[in-house]
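This report describes a protein structure in terms of its domains, its core and a few local features. Please read it alongside the coordinates.

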Amino acid sequence: MVRRLLPLTLTSSPAAWTASLEAAGPTAICEAVEARDGGVCRFCSDPHPIAPAPLHLDDDHAHWAVDNLATACLLCHAVQHLGRVTADEELLLIWAPDGISQAAINRTVRGIHGVFAAHGQPVHLGATPTDDTPRLRAAYRAYQALADLAQEATAWVKTSSPHAFGASLIEVPARARASDLANLRLLHRGRFFRRGVDVYPQLLAAASPKA
Ligand SMILES: [Zn+2]
Ligand SMILES: [Zn+2]
């Protein structure tokens, strides 16, 4: 069965701002969502999603009903969690000139992280790779091209901080739907913090099919 992808929109609401991206809901509900979605991310269609969790479609993180939940990978779920205190270390705001979708960016960046991990390089791409293969070079260039789009996003929203941008959306909720922000996207930086420790490499490894 081919399912239509659900849309991904950058949102910021008081209800979600302090809610955990990894909050555990009622077990029976979560199991029903997982069974219905077959463990596939409903937003980017990743069949091996990183740290999959139910995303609240109405953004109300207290509303645990099967119809209000859809399986999301960590990269897709991030659009609702700019309130994370580590959001600025985990994400970049970028400007998608051709309107490339958030889902397409997430699939691309997941592939880039996979290439880096396969080469034993840090997946946060904070440094030029110490190895040099055509595949690694192509992945690094692709990531740099995406990261370069951060400058334009900063010019539009007047901040380079996803966290600060999210806070501004709470003050002016209608802003999120404004057409001048329609090309704003998030670029995952290959980091995810649990209690101060970056666990993204382990989450990526756990989600990757074994060779
Ligand atoms: Zn959430
Ligand atoms: Zn996804």
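The model is predicted: local features need pLDDT of at least 70, side-chain atom pairs count only at pLDDT 80 or more, and totals for chains, interfaces and linings use all residues. Residues are numbered from 1 along each chain as its sequence is written, while chains are lettered from A and ligands numbered from 1 in the order in which they are written.

**Domains**

The domain assignment gives domain 1 (14-80) and domain 2 (87-207); such bounds come from an automatic or database assignment. The centres of domain 1 and domain 2, taken over C-alpha atoms, are 20 Å apart. Domain 1 and domain 2 each give 14 residues to the contact, where two residues are in contact if their C-beta atoms, placed from the backbone, lie within 7 Å.

On the side of domain 1 that touches domain 2, helix 1 (14-17) and helix 3 (74-77) are the elements that give two or more residues. Helix 3 gives the most, with three residues. Helices (H or I, at least four residues) and strands (E, at least two) are DSSP runs, numbered from the N terminus. That side of domain 1 has twelve nonpolar residues, one polar and one charged. Here Ala, Val, Leu, Ile, Met, Phe, Trp, Tyr, Cys and Pro count as nonpolar, Asp, Glu, Lys and Arg as charged, and the others, Gly among them, as polar.

**Core**

A nonpolar core is a set of buried Ala, Val, Leu, Ile, Met, Phe, Trp, Tyr and Cys residues joined through C-beta atoms within 7 Å. A residue is buried if 20 or more other C-beta atoms lie within 10 Å of its own, exposed if 12 or fewer, and partly exposed in between, with C-beta atoms placed from the backbone. The largest nonpolar core has 42 residues, and those with the most contacts inside it are Phe43, Ala72, Cys73, Leu75, Cys76, Leu93 and Leu187. Helix 5 (residues 102-118) supplies the largest share of this core, six residues. The core draws at least three residues from each of domain 1 and domain 2. Leu75 touches Ile50, Asn106, Val109, Arg110 and His188, not counting residues up to four places away in sequence.

**Helix 6**

The buried residues of helix 6 (residues 134-147) are Ala139, Tyr143 and Leu146. They lie on the same side of helix 6 because they cover an arc of only 60 degrees around the axis, the arc being that of the directions from the helix axis to the C-beta atoms. The face turned away from this buried side carries the exposed residues Pro134, Ala138, Arg141, Gln144 and Ala145. Strand 3 (91-95), helix 5 and strand 4 (184-188) are included in what covers the buried residues of helix 6.

**Loop residues**

|---|---|---|
| Arg195 | exposed | 5 |

Asn68 is in the loop between strand 1 (53-56) and strand 2 (69-72). Leaving aside neighbours within four places in sequence, Asn68 is in contact with His56, Leu57, Asp58 and His63.

Most residues other than glycine have a negative phi. Ser45, in the loop between helix 2 (27-37) and strand 1, has a positive phi of about 65 degrees although it is not a glycine. Arg195, in the loop between strand 5 (193-194) and strand 6 (197-198), has a positive phi of about 45 degrees and is not a glycine.

Notes: The expected span of a helix is 1.5 Å times one less than its number of residues.
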